[in-house]
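Here is a guided walk through a structure, for someone who would rather look than read tables. Open it up, and keep the sequence handy as you go.

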Amino acid sequence: MATEKLYYVDSHLSRFSARVLSCEEAGGRWEVVLSATAFYPEGGGQAADTGVLGGVAVTDVRERGEEVVHLCAGPLEPGSQVEGVIDYGPRFLRMQQHSGEHIVSGVIHRRYGFHNTGFHMGAEVITIDFDGVIPPEDLPGLEAEANGAVWANLPLRCWVPSPEELPEVTYRTKRALPWPVRIVEIPGCDTCACCGTHVSATGEIGLIKLFSVVGFRGGTRMEMACGSRALEILNGAYAQNKLVSQAFSARMEETGAAAARINELLSEQKYRTVALQRRIFAAIARECAGKGDVLRFEEGLDADGLRELADALARSCGGRAAVFTGSDEDGYGFCLASRTEDLRPLGKQMTQALSGRGGGRPELQQGRVKATRAEIEGFFETGK
């Protein structure tokens, strides 16, 4: 028996009453079919509604032929009359996203002739895939036109044309669709085949924000958000930019330039630090000239620093150089270097003895061990 789809009659309906037609257990949940429902099932890029049905949580909703199946946390008595309440906040948010996506896809189809080839409502943003390349510099103009349609508060019309009417309806689609086809029309903006729920008028969307476009499978993937989701993201970005503004002592509209200046200063500082570090490494290497095998611990070295110091020592000492940096609590990074010896056997033996991992070239082994300084020194004294 077909379920009456109340979400198509009134997409804003959040509370309803219906009769339980069937209830069957499946995988620890109960599949409940009603005579009518306002719960939207997953489909067309839009997630399913959640809520409560007869006091029982509804965790998912799916379509099965002409039936809408509610996956519930508990059973409901077949034949009983139950009240359903959907989680309207998430539903309305999805309606804002979905209707906003139609506007954007309609604008892009009209401007470029591109089709929407993929659509997904993520937890943060909507992603839409188009079968053509959209230049990033076009985003401000596209966004302005889309928001113009929002602020015009255009009424949406959702209907199923008769088999005779359908051929006369011009609508956006990637392929010919068999009847019945549900059409969603935003006057002067977009007409598209769609099975989702939508706002009653575009003003309910509130805001459309286009964030980015990137190349994807020969076309374009766009990220966007609408309504309260867009406002939440923009408020978050504003709050972060305010912190950056305070940290850089720059006006909020000048934080980009301030960050660029800081990056330049950091690059200059890094260059000076690396030059000074190399002078220190050269001095250490001179101290160890001709001493043979060298074991050395240095604080605060990164992987590059470890490698440079070990290499400088190996050139100078005439034997193998073992350099470690770290702490007994967190373990030690290491680099072994030699100009005369294949270090792979030593590296393997050391990492096995000191609970570590590493690898590299015959003349240079690098990695990390989970051992104390005393254990490392003991290994090099005894060789085990």
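Start at Gly106, which is in contact with Arg172, Cys189 and Asp190 once its neighbours within four places in sequence are left aside; contact here means heavy atoms within 4.5 Å. Before going further, note that this is a predicted model, in which local features need pLDDT of at least 70 and side-chain atom pairs count only at pLDDT 80 or more, while totals for chains, interfaces and linings use all residues. Residues are numbered from 1 along each chain as its sequence is written, and side-chain values use heavy atoms, with hydrogens and water left out.

Back to Gly106. This glycine lies in helix H2 (helices, H or I, of at least four residues and strands, E, of at least two are DSSP runs, numbered from the N terminus). Is Gly106 buried or exposed? Gly106 counts as buried, at 5% relative accessibility; the cut-offs are under 20% relative accessible area for buried, over 50% for exposed, and partly exposed in between, with a 1.4 Å probe and protein chains only. Between Gly106 and Cys192 there are 86 residues in sequence, yet their C-alpha atoms sit 8.3 Å apart in space.

Cys192 takes us to a sheet. Opposite Cys192, which is in E13, stands Val184. Strand E12 (residues 183-186) pairs with E13 in the antiparallel sense, over four bridges; two strands count as paired if DSSP finds at least two bridges between them. The whole sheet is open and has three strands, ordered E11-E12-E13, with antiparallel pairing. Strands E11 (157-159) and E13 (190-193) stand at the edges with a single partner strand each, so one side of each has no neighbour in the sheet. From one strand to the next, the twist averages 15°. Helix H2 (residues 88-112) packs on this sheet, touching E12 and E13, and its direction makes about 70° with that of E12. For such angles, axes are lines fitted to C-alpha atoms, for helices over the stretch in contact, and the values run from 0 to 180 degrees between N-to-C directions.

Which side chain does Arg110 meet in a salt bridge? The partner is Glu145, at 2.4 Å from N to O. A salt bridge here is a side-chain nitrogen of Lys or Arg within 4 Å of a carboxyl oxygen of Asp or Glu. The pair links distant parts of the chain, since Arg110 is in helix H2 and Glu145 in helix H3 (residues 139-151), 35 residues apart. Arg110 is partly exposed, with a relative accessible area of 45%, and Glu145 is partly exposed too, at 29%. As a general point, side chains of opposite charge can pair when their charged atoms come close.

By this rule the count comes to 24 salt bridges. Another one joins Arg251 and Glu253, 2.5 Å from N to O, and both of these residues are exposed. Then there is Glu377 with Arg373, whose closest N and O atoms are 3.1 Å apart. Glu377 and Arg373 both lie in helix H8 (residues 373-382), four residues apart, which is about one turn of the helix. Glu377 has a relative accessible area of 28% and is partly exposed; Arg373, at 40%, is partly exposed as well. Elsewhere, salt bridges with shared partners join Glu31, Arg64 and Glu67 into one network.

Now for strand E18 (residues 331-338). Why is E18 described as largely enclosed by the rest of the structure? Because eight of its eight residues are buried. Gly331, Gly333, Cys335 and Ala337 point one way from E18, while Tyr332, Phe334, Leu336 and Ser338 point the other way. E18 pairs with strand E17 (residues 318-327) in the antiparallel sense over eight bridges, and Thr325 has Gly333 in E18 as its bridge partner. E17 and E18 form a hairpin with three residues between them. E18 also pairs with strand E20 (residues 364-369), antiparallel over six bridges, where Tyr332 stands opposite Val369.

Finally, look at helix H4 (residues 227-248), where you'll find Val244. Val244 is partly exposed, with a relative accessible area of 32%. Val244 and Leu234 are ten residues apart in sequence and 15 Å apart in space, C-alpha to C-alpha.
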